[in-house]
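Hi,

Here is the structure I said I would pass on. Have a look at it first, and then read my notes below.

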Amino acid sequence: MPAFPDDQAAVISASLGAVPSGTPASEVARRLLDLFLGGTVQPGTRLPPERQLASTLGVGRSAVREALAALEILGIVDVRPGSGTYLRGTASEMLPQTLRWGLLIGRQSTSELLELRAGLEIYIARLAASRRGLAGLARQESSLGRMRRAGEDLRAFAKADQDFHDALAATAGNDLVTDLLSVVRSLLRVYADRAVSSQGEAQTACDEHEAIHEAVRDGDENAAAAAMATHMATATRRLSSSSD
């Protein structure tokens, strides 16, 4: 694996810069992410040792260690005992993890996440209607069938529900929007998993998904967006109640 050349220490220092006194590990992670996303560090590159990074950033080694540990959990770097820390992916491959990190350390509220999710889902429904394909429509229909057959098995219903939205996102064909939606969903997972709590709610959700599917199948962008907006309003009310 290529090591980070010692003669580029000045370049690294200029790129990272010192952070304010008392800055927590999250700010160190932000600075490192900025460097990684800039494209100057190639995948597989071994990063400078903790001592050098701490000196460059003007922080203690513990802050660097915590930042690298967090980035490892997110899959951005690979910490190998006795060898060093290596960058895993390209800037585009790191985007989902970077988005997740930014949201996790932000001060977002559940209501803001729900609003963001609704906006993304509505946009995806509109895109899916304009780019519909047989494979995507078949996946949506398959998911709807499993939702109808779930009966009292609300866990199976929730899985089929998620698969429907995944199929819709795949049909939309915008990876960036899909990645962002995936991050938002993961942060809402603790509430989403228990959002549908009765067969009556499941039937309502199933009917709403049917309307979305029909509009996408017909290529009606406005109808698809409107049907998703209706579904998101219902789902948001349930999720808001479950988070109280």
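Isoleucine 212 touches Phe164, Leu168, Ala227, Met228 and His231, leaving aside residues up to four places away in sequence; a contact here means heavy atoms within 4.5 Å. A word on the basis for all this: it is a predicted model, where local features need pLDDT of at least 70 and side-chain atom pairs count only at pLDDT 80 or more, while totals for chains, interfaces and linings use all residues. Residues are numbered from 1 along each chain as its sequence is written, and side-chain values use heavy atoms, with hydrogens and water left out.

Back to the core. Ile212 is among the residues with the most contacts inside the largest nonpolar core, along with Ile124, Met147, Phe157, Leu168 and Val216. That core has 36 residues. By nonpolar core I mean a set of buried Ala, Val, Leu, Ile, Met, Phe, Trp, Tyr and Cys residues joined through side-chain atoms within 4.5 Å. Buried is under 20% relative accessible area, exposed is over 50%, and partly exposed is in between (1.4 Å probe, protein chains only). The elements giving two or more residues to this core are helices H6 (110-130), H7 (134-149), H8 (154-172), H9 (175-192), H10 (199-218) and H11 (221-243). H6 supplies the largest share, nine residues. There is also a second, separate core of 22 residues, which includes Val28, Leu33, Leu71 and Leu87.

For the overall picture, the protein chain has 11 helices and two strands, in the order α-α-α-α-β-β-α-α-α-α-α-α-α along the sequence. Helices (H or I, at least four residues) and strands (E, at least two) are DSSP runs, numbered from the N terminus. Of the 244 residues, 42% count as buried. Among contacts with a separation of 6 or more, 72% are between residues 24 or more positions apart. The chain exposes about 12,200 Å², and carbon and sulfur atoms supply 51% of that; the areas come from the Shrake-Rupley method with a 1.4 Å probe, and for residues only the protein chains shown count as cover.

H7 has 16 residues and reaches 23 Å from its first C-alpha to its last, close to the 22 Å expected at 1.5 Å a residue. (The expected span is 1.5 Å times one less than the number of residues.) Its buried residues include Gly136, Leu137, Gln140 and Met147, and what covers the buried residues of H7 includes H8 and H10. Just after H7, glycine 151 takes a positive phi of about 60°.

The other one is H4 (residues 61-73), with 13 residues and a reach of 18 Å from first C-alpha to last, close to the 18 Å expected. Which residues of H4 are buried? They are Ala63, Val64, Ala67, Leu68, Ala70 and Leu71. Seen down the axis of H4, these fall within an arc of 160°, so they line one face of the helix; the arc is that of the directions from the helix axis to the C-beta atoms. On the other side of H4, Glu66 and Ile73 are exposed.

Now the strands. S1 (residues 77-80) and S2 (residues 84-87) pair in the antiparallel sense over four bridges; for pairing, DSSP has to find at least two bridges between two strands. Aspartate 78 has tyrosine 86 in S2 as its bridge partner, and valine 79 stands opposite threonine 85 in S2. The hairpin has three residues between the strands, and glycine 82 in it takes a positive phi near 80°.

Finally, two single positions. Glycine 60 lies in the loop between helix H3 (50-57) and H4, and is partly exposed, with a relative accessible area of 41%. Its C-alpha is 9.2 Å from that of glutamate 50, 10 residues away along the chain. Threonine 234 sits in helix H11 and counts as buried, at 12% relative accessibility. Leaving out residues up to four places away in sequence, threonine 234 touches Thr204 and Glu208.

Cheers
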